[in-house]
Amino acid sequence: MLCVNVNPLFKGFTFLDLSLLFSYKLLNFLCIERQKKKIIFLEKQTKQQLMAGADQEAVRNKQVTLKHYVSGFPKESDMSVVTSSISLKIPQGSKDTVLLKNIYLSCDPYMRGRMSKSDIPSFVAPFQPGSPLNGYGVAKVVNSTHPNYEKGDLVWGFTGWEEYSLVTSPELLIKIQHTDVPLSYYTGILGMPGMTAYAGFYEVCSPKKGEHVYVSAASGAVGQLVGQFAKLVGCYVVGSAGSKEKVDLLTSKFGFDGAFNYKEEPDLDAALKRYFPEGIDIYYENVGGKMLDAVLLNMRLRGRIAVCGMISQYNLEKPEGVHNLMQVVGKRIRMEGFLAGDYYHLYSKYLDMILPFIKEGKMKYLEDVAEGIESAPAALVGLFSGKNVGKQLVVVDGK
Ligand SMILES: NC(=O)c1ccc[n+]([C@@H]2O[C@H](COP(=O)([O-])OP(=O)(O)OC[C@H]3O[C@@H](n4cnc5c(N)ncnc54)[C@H](OP(=O)(O)O)[C@@H]3O)[C@@H](O)[C@H]2O)c1
């Protein structure tokens, strides 16, 4: 038998005995260590659970998230409505942060671009799959560590597509000072679409009394305002829209001089010649594609085109070409793209103009209201098939 001459304590032990003994000791040591770690982990977990339970201010937070990047026409199923929770306390140490309870969410066509990831640089970042969408909305401040905002303030601006949002960059929020008008108007006439219509028409187009104005997507959030602004200046204005109901609204509610359904016009050039036998001075461009081509043929000398958007192109894999661009040269047309954000410094000037008009009933604003955050994906997708009649918005807490 092989004996190992080691510590007298282990005298008489074989090598095998000793190895077994040490293995056992080692195992035992490891087990005890693991157990200790497990106890520490369990204690920590219990503490966290107790703390969560003690946070009486944690509330449900339904959110609309993007499932995956989209190609072609967006579908409701590209988004999910998920339920999570949020603490109504602002995390310790978070400076200049506000916690918002969202009241209205704005559905805007530019959000389509954010549902895809493209190599072409954009003015706005894509959404993150698995995260809530974000965009314009109206909200109430429920908590704040920012010196400019306090509990109870109403704001409009950038927020999440969810019931509550923790906003760490409140510089994208504007405090609402006028509450004697419908609060939902801050998603439309008193918010981004209002500034878009105002800046695009007055600043980009420099309209003059008697000029001939054409507006596409004319019954929407922006278009209905451009038509009314044109009338305020004393212009002749015609709009196009995609249904009989919308076309009727343009003349009966918003005061356009003429209107047509572009879907029922096989020859857009001929349709424009019918309404503008002497040509167009100002085109407020919302749709692009074939409409832009037809408009170019009908522009007058020194005409202006405010390129606000091109919704007909947003879901195409490959944008359509424009064939009549040479008209820009001969007619000395000025075509200018713009973003509402470039003109927010004019917001208080715009309010001074628009608020009295709203209160006196001189400006009309039509809204299409979807009830409940669950209806937000359908409402957003509906913009691209013309389901909305007027400004599409969502009431977060539906009926
Ligand atoms: N530059 C900026 O800062 C800025 C800001 C806001 C909006 N925009 C742009 O302004 C335009 C209007 O926006 P909005 O918020 O007022 O939207 P909106 O007009 O309220 O809603 C979108 C409308 O576009 C029309 N449409 C959809 N697909 C179309 C297609 N393939 N061809 C022609 N028309 C189509 C539909 O009306 P019909 O039923 O009449 O077809 C639909 O109701 C969009 O191009 C948007 O991107 C730009």
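Q: Which residues does Phe260 touch, not counting residues up to four places away in sequence?
A: Let's start in this predicted model with strand S10, where Phe260 has its place. Leaving out residues up to four places away in sequence, Phe260 touches Ser240, Val247, Glu265, Ala271 and Tyr275.

Q: Is Phe260 buried, partly exposed or exposed?
A: A residue needs 20 or more other C-beta atoms within 10 Å to count as buried, and 12 or fewer to count as exposed. Phe260 has 19 such atoms within 10 Å, so the label is partly exposed.

Q: How far apart in space are the C-alpha atoms of Phe260 and Lys246?
A: Along the sequence, these two residues are 14 places apart. Lys246 is one of the buried residues of helix H4, while Phe260 sits in strand S10. From C-alpha to C-alpha, the distance between Phe260 and Lys246 is 9.2 Å.

Q: Why are the buried residues of H4 on the same side of the helix?
A: Helix H4 spans residues 244–252, and its buried residues are Lys246, Val247, Leu249 and Leu250. They sit on the same side because the arc they cover around the axis is only 160 degrees.

Q: Which exposed residues are carried by the face of H4 turned away from its buried side?
A: The buried side of H4 is covered by elements including helix H3 (223–233), strand S9 (236–241) and strand S10 (258–261). Now turn to the face that points away from that buried side. There you will find the exposed residues Lys244, Glu245 and Ser252.

Q: How many of the residues of H3 are buried?
A: Helix H3 is mostly covered. Its buried residues are Gly223, Gln224, Leu225, Val226, Gly227, Gln228, Phe229 and Ala230. Out of eleven residues in H3, the number buried is eight.

Q: Where does the largest nonpolar core lie?
A: This core has 97 residues, and those with the most contacts inside it are Phe201, Val226, Tyr284, Val295, Ala376 and Val394. H2 gives the most to it, with nine residues. Because domain 1 (59–188 + 367–395) and domain 2 (192–346) both give residues to the core, its place is between these two domains.

Q: Which residues does Ala376 touch, not counting residues up to four places away in sequence?
A: Ala376 is among the residues with the most contacts inside the largest nonpolar core. Not counting residues up to four places away in sequence, Ala376 touches Val64, Leu105, Trp161, Ala370 and Val394.

Q: Which residues come nearest to the ligand?
A: The shell around the ligand divides into 16 nonpolar, eleven polar and three charged residues. Domain 1 and domain 2 each supply at least three residues of this shell. Of the 30 residues around the ligand, those that come nearest are Gly220, Val222, Gly242, Gly309 and Gly386.

Q: Where is Ser206, a residue with a positive phi although it is not a glycine?
A: Most residues other than glycine have a negative phi. Ser206 has a positive phi of about 40 degrees. With 12 other C-beta atoms within 10 Å, Ser206 is exposed. Its place is the loop between H2 and S8.

Q: What is the phi of Arg332?
A: Arg332 is found in the loop between helix H7 (327–330) and strand S13 (334–337). It counts as exposed, having 10 C-beta neighbours inside 10 Å. Although Arg332 is not a glycine, its phi is positive, at about 50 degrees.

Notes: Residues numbered from 1 in each chain as written. Predicted model: local features only at pLDDT ≥ 70, side-chain atom pairs only at ≥ 80, totals over all residues. Helix = DSSP H or I, 4+ residues; strand = E, 2+ residues; numbered from the N terminus. Arc of directions from axis to C-beta. Contact = placed C-beta atoms within 7 Å. Near = placed C-beta within 6 Å. Nonpolar A, V, L, I, M, F, W, Y, C, P; charged D, E, K, R; others polar. Domains from an automatic or database assignment. Core = buried A, V, L, I, M, F, W, Y, C linked by C-beta atoms within 7 Å.
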